[in-house]
Amino acid sequence: MKIKVTEVSSDTNIGGAGKCLLTLLENFDYNAFDVKVILPKNSLLKPHIDKMSIEVTEVDGIADKSLDFSAVKTLREIFKREKPDIVHTHASMSARIAAKQAGAKVVYTRHSVFEPSKKISKGLGKIINGMINNHYADSIIAVADAAKKNLTDTGVKESKISVILNGVTALSQVSADERRITKERFNLPDGYKAVSIVARLEDIKGHDYFIEAADKILQKGYKVRFYIAGTGSYEEHLKEKVKKLNRGEQIIFTGFIPDADKLMSITDIQANASFGTEATSLALLEGMSLGIPAVVSDFGGNPGVIKDGENGFVVPARDSAALAEKIELLLTDDSLYSGMSKKAMRIFSETFTAEAMTRQTEKIYFDVVNR
């Protein structure tokens with residue numbers, strides 16, 4: 001008999017957690033699992049899941065929020081009717097509470113890494129937070145060692161946590177014609193190299209330091225373009241910064257691009273400068289599948305993806321000089337670049353595939369049901 005699983009996401013947009021959910025849904029063993037999905041109304045995830053012919057239920061009150069007591073009631077009624085063996089929640093406390101009340105097992109994935117507040121990492125607050133999270137989860141998946149530490153620092157039992165690193169489907173190499181067309185689309189001249197950062201445009205993602213690093217490198221006259229892909233509340237600040245540096249032709253904002261794999265196909269080096277939240281960057285993984293080395297900050301899950309000196313470099317967070325130094329090294333040392341490119345592909349295939357993530361997640365489901 002198949003194990004009945006209900007996946008619950010509160011995301012209305014498609015961020016890292018949403019992409020992980022889609023990857024799981026694309027790779028589950030449907031001979032062993034009967035999977036349904038619950039989403040908020042009008043989630044951008046729904047059209048993608050509909051194409052997989054997976055049943056989706058839309059629920060009010062869960063959109064982009066963890067807890068809503070009216071939503072708990074609605075979800076509890078759904079779970080009592082559907083009788084899933086497992087409810088796997090991607091940040092929804094409403095679903096965790098409802099699942100427990102309905103008698104289902106709960107798996108919870110922690111997709112983020114950030115510095116926990118003292119309210120829940122010290123004293124009574126830590127005890128209460130730990131009791132709540134330990135009670136409302138039979139098993140917890142952390143997508144990075146840093147995410148696991150966040151959990152244990154706030155009172156969650158280590159025995160409940162399994163680290164399953166994010167995985168992605170490898171990107172395909174493009175033809176010479178496709179590469180030429182993409183270079184024209186992104187205004188990358190022949191003979192120029194491309195450095196890209198793919199992340200939400202928010203303060204804590206560290207784009208300020210990326211722009212400062214780019215300016216330091218461009219002052220030396222290298223033939224290189226720097227690309228900033230994404231949108232966010234910090235966009236105008238960053239554009240103004242680039243304007244003041246008079247680098248508008250060399251530091252390019254792409255906006256949101258649904259086919260980011262196209263930008264990746266012409267990217268030589270990736271960067272990640274986060275200093276406030278970062279688990280396992282899916283963009284870094286996709287780049288690694290194409291053999292793209294990266295220079296990243298030492299925050300959160302970055303050091304678990306980029307091994308310093310192997311498939312890229314890890315530098316101190318908020319240090320534009322260090323970021324610039326290592327990007328310049330990869331731009332100028334062809335032998336170093338070639339070796340790191342090969343290691344990037346090897347590390348990806350050994351650790352970060354979609355299949356590896358999905359099989360480990362399925363094992364959690366089996367363990368929880370048979371426990």
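## Pro47 and the basis of the model

Pro47 lies in helix 2, which covers residues 45-50. Helices here are DSSP runs of H or I with at least four residues, strands are E runs of at least two, and both are numbered from the N terminus. Pro47 is partly exposed, at a relative accessible area of 45%. The classes are buried (under 20% relative accessible area), exposed (over 50%) and partly exposed (in between), with a 1.4 Å probe and protein chains only. Between the C-alpha atoms of Pro47 and Asp203 there are 30 Å, with 156 residues separating the two along the chain.

This is a predicted model, in which local features need pLDDT of at least 70, side-chain atom pairs count only at pLDDT 80 or more, and totals for chains, interfaces and linings use all residues. Residues are numbered from 1 along each chain as its sequence is written, and side-chain values use heavy atoms, leaving out hydrogens and water.

## Overall fold

The chain holds 16 helices and 13 strands. Its radius of gyration is 21 Å, which agrees with the value near 21 Å for a compact globule of 371 residues. That radius is taken over C-alpha atoms, and the globule rule is 2.2 Å times the number of residues to the power 0.38. The C-alpha trace spans about 65 × 50 × 35 Å along its principal axes.

Of the 371 residues, 52% count as buried.

## Surface and charge

The accessible surface is about 16700 Å², and carbon and sulfur atoms own 49% of that area. Areas come from the Shrake-Rupley method with a 1.4 Å probe; for residues, only the protein chains shown count as cover.

The chain carries 51 positive and 49 negative charges, and their mean positions are 5 Å apart. Lys and Arg count as positive, Asp and Glu as negative; His and the chain ends are not counted. Each charge is placed at NZ of Lys, CZ of Arg, CG of Asp or CD of Glu.

## Lys220, an exposed loop residue

Lys220 sits in the loop between helix 9 (207-218) and strand 9 (224-229). Lys220 is exposed, at 53% relative accessible area. Its side chain makes a polar contact with the side chain of Glu328, at 3.0 Å. Such a contact is a pair of N or O atoms within 3.5 Å; within protein, one must be able to donate a hydrogen and the other to accept it, and residues adjacent in sequence count only if both atoms are side-chain atoms.

Pro258 is 38 residues from Lys220 in sequence and 33 Å away in space, C-alpha to C-alpha.

## Thr182, a buried helix residue

Thr182 belongs to helix 8 (residues 176-185). Thr182 is buried, with a relative accessible area of 6%. A polar atom of its side chain lies 2.9 Å from the backbone oxygen of Glu178. Leaving aside residues up to four places away in sequence, Thr182 touches Lys262, Ser265 and Ile266.

## Positive phi values

Most residues other than glycine have a negative phi. Asp64 has a positive phi, near 55°. Asp64 lies in the loop between strand 3 (56-59) and helix 3 (69-82), and is exposed at 51% relative accessible area.

Ala91 also has a positive phi, near 90°. Ala91 is in the loop between strand 4 (86-90) and helix 4 (93-102). With 39% relative accessibility, Ala91 counts as partly exposed.

Conventions. Contact = heavy atoms within 4.5 Å.
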